[in-house]
Amino acid sequence: MKLSDSEFIKLSQSHHSAEEHRKLSAHLSEHAAEHESDAKMHEQLAAQHEKTAPQLSGEERHYAAHSREAAEAMRSLAKIHEEMAKEHAVHSHA
């Protein structure tokens, strides 16, 4: 579930319920998948440019590494929101 930038910011500033945390988690998970896809594409390009354009290859690998790092950060944020959703769910039923 991809949110618009304004929806994401608004939800990130409030997140008072389990449902809101789940929405944030889903958005971040989707964003992580996009970063992973981007990393894979740039790794493929780097492999293709290895011999013909090594400068491109090096920067494409550099970009791919940053995309993977961004994906990891997004997954970590998504996990935190999932944990917070569980906490909210427990407290709302207590």
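The protein chain has a radius of gyration of 18 Å, whereas a compact globule of 94 residues would have one near 12 Å. The radius is taken over C-alpha atoms, and the globule rule is 2.2 Å times the number of residues to the power 0.38. Along the principal axes, the C-alpha atoms fill a box of roughly 65 × 25 × 15 Å.

This is a predicted model: local features need pLDDT of at least 70, side-chain atom pairs count only at pLDDT 80 or more, and totals for chains, interfaces and linings use all residues. Residues are numbered from 1 along each chain as its sequence is written, and side-chain values use heavy atoms, with hydrogens and water left out.

**Confidence and fold**

pLDDT is the predictor's confidence in each residue, from 0 to 100. Its mean over the protein chain is 93. A share of 98% of the residues reach 70 or more. Among the elements, helix 1 (residues 5-14) has the lowest mean pLDDT, 91. Helix 2 (residues 18-49) has the highest, 96.

The secondary structure comes to three helices and zero strands. Helices (H or I, at least four residues) and strands (E, at least two) are DSSP runs, numbered from the N terminus. From that terminus on, the order is α-α-α.

Helix 2 has 32 residues, which at 1.5 Å a residue should span 46 Å. Its end C-alpha atoms are 46 Å apart, in agreement with that value. The expected span is 1.5 Å times one less than the number of residues in the helix.

Contact means heavy atoms within 4.5 Å. Of the contacts with a separation of 6 or more, 64% are between residues 24 or more positions apart. A26 is in helix 2. Its relative accessibility is 29%, so A26 counts as partly exposed.

**Burial and core**

Buried means under 20% relative accessible area, exposed over 50%, and partly exposed in between (1.4 Å probe, protein chains only). Buried residues make up 24% of the 94 residues. In helix 2 the buried residues include A18, H21, L24, S25, L28, A32, D38 and A39.

Which residues make up the largest nonpolar core? They are L28, A32, A71, M74 and A78, five residues in all. Helix 2 and helix 3 (54-93) are the elements that give two or more residues to this core. Helix 3 gives the largest share, three residues. A nonpolar core is a set of buried Ala, Val, Leu, Ile, Met, Phe, Trp, Tyr and Cys residues joined through side-chain atoms within 4.5 Å. In soluble globular proteins, nonpolar side chains tend to be buried together.

M74 is in contact with L28, H31, A32 and H35, leaving aside its neighbours within four places in sequence. S67 is found in helix 3. S67 counts as buried, at 3% relative accessibility. With neighbours within four places left aside, S67 is in contact with H35, D38 and A39.

**Salt bridges**

A salt bridge is a side-chain nitrogen of Lys or Arg within 4 Å of a carboxyl oxygen of Asp or Glu. By this rule the count comes to seven. Three of them are listed here.

| Pair | N to O distance |
|---|---|
| E36 and R68 | 3.9 Å |
| R61 and E43 | 2.7 Å |
| E50 and R61 | 2.7 Å |

What does the pair E36 and R68 link? It links distant parts of the chain: E36 in helix 2 and R68 in helix 3, 32 residues apart. R68 is partly exposed, at 32% relative accessibility.

R61 pairs with E43. R61 lies in helix 3 and E43 in helix 2, so the pair ties together parts that are 18 residues apart in sequence. R61 is partly exposed, with a relative accessible area of 32%. E43 also counts as partly exposed, at 25%.

R61 also forms a salt bridge with E50. E50 is in the loop between helix 2 and helix 3, 11 residues from R61. E50 is partly exposed, with a relative accessible area of 40%. Salt bridges that share partners join E36, E43, E50, R61, R68 and R75 into one network.
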